[in-house]
Amino acid sequence: MVFSRLTIRWRITIGSALIAAVFFGIGVFAFRSQVSSILGSTTETLLRHDAAPIKTEILGGDDRIDEPGKGQLIAVVDPTGTTRRSTLPSDLTARLPELLRLHGDPKPFTTTKETYLVLTQKVETPQGRWSVIAVRDLDASVLILDRITESLLIGALVLVLGFGTASWLLTGAALRPVNRMRRRASELSRNPLALPLPVGPARDELSALATTLNEFIDQQR
């Protein structure tokens with residue numbers, strides 16, 4: 001009800017801004033989903049790359065497990081249940097038996113401190129079954145995703161405001177001939193012999209309306 005009382009200029013501007021907000025919002029959601037999928041796939045790939053050298057050493061019959069690379073969270077458990085190598089943080093080390101049961105595809109694992117993605121792989125050897133656990137912190141990916149989403153939302157808001165401003169200016173320019181016709185009609189109401197309504201150079205709906213009204217004025221005269 002309130003919207004119908006607004007001027008045409010305001011209605012077009014608000015409507016255009018709302019449509020832009022919907023489209024930009026859908027774009028932000030779709031882009032965020034795509035980035036989230038890419039980050040998840042990248043994290044899984046990194047986990048498999050972290051575990052691959054360790055598995056190669058075990059399958060090669062080398063009981064001496066090299067120190068994992070800097071920043072890699074790895075745990076290696078031999079067939080006797082002994083942890084041969086571990087760079088896991090304390091909150092994960094305390095829950096190592098739970099991690100050993102997460103074999104298969106990478107799975108999220110939450111502790112009181114952090115959220116991780118865990119890949120537990122079994123390696124069969126003549127001596128028995130080894131377990132290789134590779135872990136990646138998900139909080140960094142969540143932080144990156146949140147920062148990207150924040151930037152996208154700010155960009156979308158700027159675009160919506162710019163779109164609304166452009167609609168306001170363009171609508172004002174489009175309605176300028178209407179304002180001239182209104183002023184001339186006001187003069188005609190006071191002085192029937194005043195000049196007719198101005199007809200713009202463009203062959204558009206406003207020119208056609210002015211021409212029709214001028215014909216009507218001539219008939220009344």
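Me: Is Asp91 buried or exposed, and what is its relative accessible area?
Reply: Asp91 is buried, a word used here for under 20% relative accessible area, with exposed meaning over 50% and partly exposed in between (1.4 Å probe, protein chains only). Bear in mind that this is a predicted model, in which local features need pLDDT of at least 70 and side-chain atom pairs count only at pLDDT 80 or more, while totals for chains, interfaces and linings use all residues. Residues are numbered from 1 along each chain as its sequence is written, and side-chain values use heavy atoms, leaving out hydrogens and water. The relative accessible area of Asp91 is 11%.

Me: Which side chain makes a polar contact with the side chain of Asp91?
Reply: Asp91 belongs to helix α3, residues 90–93; helices (H or I, at least four residues) and strands (E, at least two) are DSSP runs numbered from the N terminus. Setting aside neighbours within four places in sequence, Asp91 is in contact (heavy atoms within 4.5 Å) with Thr111, Lys113, Glu114 and Tyr116. A polar contact is a pair of N or O atoms within 3.5 Å; within protein, one must be able to donate a hydrogen and the other to accept it, and residues adjacent in sequence count only if both atoms are side-chain atoms. At 2.8 Å, the side-chain partner of Asp91 is Thr111.

Me: How many residues apart in sequence are Phe109 and Leu138?
Reply: Phe109 sits in strand β3, residues 107–110, and counts as buried at 9% relative accessibility. Among the residues Phe109 touches, beyond four places away in sequence, are Leu92, Leu99, Leu102, Tyr116 and Val118. From Phe109 to Leu138 the C-alpha distance is 9.4 Å, while their separation in sequence is 29 residues.

Me: Where does α2 bend?
Reply: The expected span of a helix is 1.5 Å times one less than its number of residues; for the 52 residues of α2 that gives 76 Å, and its end C-alpha atoms are 76 Å apart, which agrees. A bend is the angle between axes fitted to the seven residues ending at a residue and the seven starting there. In α2 the bend is about 30°, with the proline Pro53 following within four residues, and its place is Ala52.

Me: Where is the kink in α5?
Reply: Helix α5 (residues 139–190) has 52 residues and reaches 74 Å from first C-alpha to last, close to the 76 Å expected. Its buried residues, including Leu145, Ala156, Val160, Gly164 and Met181, pack against α2 (8–59) and α6 (205–220). The kink, of about 40°, comes shortly before the proline Pro177, at Leu175.

Me: How many residues apart in sequence are the parts tied together by the pair of Trp10 and Trp168?
Reply: One aromatic pair turns up in a search of the whole structure. Trp10 and Trp168 form this tilted pair, 4.7 Å centre to centre with 55° between the planes; rings of Phe, Tyr and Trp (its six-membered ring) pair if their centres lie within 6.5 Å, with planes under 30 degrees apart counted as stacked, over 60 as edge-to-face and the rest as tilted. Because Trp10 lies in helix α2 and Trp168 in helix α5, the pair ties together parts whose separation in sequence is 158 residues.

Me: Which residue has its charged end over the ring of Trp168?
Reply: Trp168 is partly exposed, with a relative accessible area of 27%, and Trp10 is partly exposed at 42%. A charge sits over a ring if NZ of Lys or CZ of Arg is within 6 Å of the ring centre and within 35 degrees of the ring normal. Here the charged end, 3.9 Å from the centre of the Trp168 ring, is that of Arg9.
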